Amino acid sequence: MKFKLNSKYVRWGMTAFLVIAASMTFYYLVFNSSNITEKVSTVMGILLPVVFGLVTAYLLTPVLNFMEGRILIPLFDKCQIRQTARRKNLIRGIGILVTAFLFVALIYGLISVLVSQIVPSVQGIIANFDSYVSNVSNWINQVLDDNPKFGEHVSKTLDKSYEQLEDWLNHIIPGTATLIKTVSLSFINILDVLWDFVIGFIISIYVLASKEHFAGQAKKMVYAVFEKDTANKVINSFRFTHRTFIGFLSGKLVDSLIIGVLCFIGTSLMKTPYAILISLIIGVTNIIPFFGPFLGAIPSCILIFVVDPMHPLNCVYFALFVLALQQFDGNILGPKILGSSTGLTGFWVIFSITLFGGLFGVIGMIVGVPIFAVFYAAVRAAVSGMLENKNLPSETMIYENLDYIDEEGFHETLARTKKARKKQQDNSKENSGEGEDMTRKKEDMPK
């Protein structure tokens, strides 16, 4: 009997095998999830330098593209250097060197600022900590003297808190050796992460050198696995994801840098203590959408108040300044830089920050908005496609005042909506035409 690979019995056998294998895999995932998690964590720890390298290469790709497209290629064209493989390799090599230099210079600049400006500020806070505590104590005593009943309640609360603190210290002191060991291990882990980051930076250079080749391999795999139309949709989805991430992250970094500089100028004019440290806090936390300025303003207000509690208006002035800065960022600067990079309304921005922040912490709050924007766009495209298959419109405005769909009533609603939209467009055109006529009349008037 001749064996046929495409016979129905072979297909049935392969289907049964895949079903049994999937069932066994599902059973193992359900009842041995801890072992899988441990192994995945081990593999991720081994591949951490590769992850750092891929992320660094992804973030540096726009810089390399800008260097090549806007500077190096026009420069080589101006020098009339022929289109050869050597020229292409030379442009790529110079672009990678300049990009790597800028990246290292940025890291060095940040560390220099931390060492030269932030560290003295922190040292000043530690050195003057006793005087700050004394200032706060004097302020509290003054408030308590003016309000005896409130002072009695606060005294009882402080006594109770002191007893709890004493009990906590009694439990902590015997475990000092364990605490020192934990701190030492944490320091060693930090050194390991720094070493992984250095290795990842080296890997990122190799990735940048062959980024078109890696992209071509990925596209080839997509076209090999999926049908042509499906593969085109997958590739377009990845391009949309890339544009969303790069547009949001790069725009948010530039926006936060500008906000940090403006905050430093404002705090310097107001003679706010530790202006550089406070501006750094405001700038860094501004990377987090919506909640960022408030998260940075709270510890900054506390610091300003602790430094000089006898003049609480300084804290109030700073809070009003940060509020004005946040309004400027949210209504003017942010839309100018970010534009419509996410396409999300305010509610969905808050929802995505809350969800991903709760799942992944600070990193989730930063990348949650572009991730949810991609998911939101995918759901919107799927819903629009299903509505088109049912010969229904996809505009949300049509469904806002719709009770139910019947042939006559729905088409009447659709016609009224289209008529109102056309009337609105005509009015806007007429207004623009009137504006042009007024401009012409002003230009024709004798001077």
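Colleague: Over which residues does pLDDT stay under 50, and how many contacts beyond four places in sequence does the model have for them?

Modeller: Good place to start, since this is a predicted model. Where pLDDT is low, the predicted coordinates should not be read in detail. Here pLDDT stays under 50 over residues 438-447, and the model has 0 contacts beyond four places in sequence for that stretch.

Colleague: In which helix is confidence lowest, and in which is it highest?

Modeller: Helix α15, residues 407-444, has the lowest confidence, with a mean of 57. At the other end is helix α8, residues 211-225, where the mean is 90. For the protein, the mean pLDDT is 77, and 74% of the residues reach 70 or more.

Colleague: Thanks! How many helices and strands are there, and what share of the residues is buried?

Modeller: The protein has 15 helices and 0 strands. Of its 447 residues, 25% are buried. As for contacts between residues at least 6 apart in sequence, 62% of them join residues at least 24 apart.

Colleague: Let's turn to helix packing. At what angle do α9 and α10 cross, and how do I read it?

Modeller: Two packed helices are described by the angle between their axes and the distance between the axes. In this model, the axes of α9 (residues 228-269) and α10 (residues 275-285) come within 8 Å and cross at roughly 150 degrees. Angles over 145 degrees count as roughly antiparallel, so α9 and α10 are roughly antiparallel to each other. The crossing of α9 past α10 is right-handed.

Colleague: Which residues make that contact?

Modeller: From α9 come S256, I259, G260, C263, F264, T267 and S268, while α10 brings A275, I276, S279, I282 and G283. Sorted by class, this contact has 6 nonpolar and 6 polar residues, with no charged ones.

Colleague: And α4 with α10: what is the crossing angle there?

Modeller: The axes of α4 (residues 85-127) and α10 come within 9 Å, crossing at roughly 110 degrees. That angle makes α4 roughly perpendicular to α10. This crossing is left-handed. On the α4 side, the contact is made by L114, Q117, I118, S121 and I125, and on the α10 side by I276, L277 and L280. Its classes are 6 nonpolar, 2 polar and no charged residues.

Colleague: Could we zoom in on one residue? Is L64 buried or exposed?

Modeller: L64 lies in helix α3, residues 48-78. L64 has a relative accessible area of 0%, so it is buried. Beyond its neighbours within four places in sequence, L64 is in contact with R92, G95, I96, T99, L208 and K211. Take T99 as an example: L64 and T99 are 35 residues apart in sequence, yet their C-alpha atoms are 6.0 Å apart in space.

Colleague: Now the backbone. What is phi of Q80, and what is phi of Y274?

Modeller: Most residues other than glycine have a negative phi. Q80 has a positive phi, near 60 degrees, and is not a glycine. Y274 is not a glycine either, and its phi is positive at about 55 degrees.

Colleague: Where do Q80 and Y274 sit, and is each buried or exposed?

Modeller: Q80 is in the loop between α3 and α4. Its relative accessibility is 70%, so Q80 counts as exposed. Y274 is in the loop between α9 and α10. With 18% relative accessibility, Y274 counts as buried, because the cut-off for buried is under 20%.

Definitions and conventions. Residues numbered from 1 in each chain as written. Predicted model: local features only at pLDDT ≥ 70, side-chain atom pairs only at ≥ 80, totals over all residues. Heavy atoms only, no water. pLDDT = per-residue confidence, 0-100. Helix = DSSP H or I, 4+ residues; strand = E, 2+ residues; numbered from the N terminus. Contact = heavy atoms within 4.5 Å. Axes fitted to C-alpha atoms, helices over the stretch in contact; angles between N-to-C directions. Parallel < 35°, antiparallel > 145°, perpendicular 65-115°, else oblique. Left-handed = near helix turned anticlockwise from the far one by under 90°. Nonpolar A, V, L, I, M, F, W, Y, C, P; charged D, E, K, R; others polar. Buried < 20%, exposed > 50% of the residue type's maximum accessible area, 1.4 Å probe, protein only.
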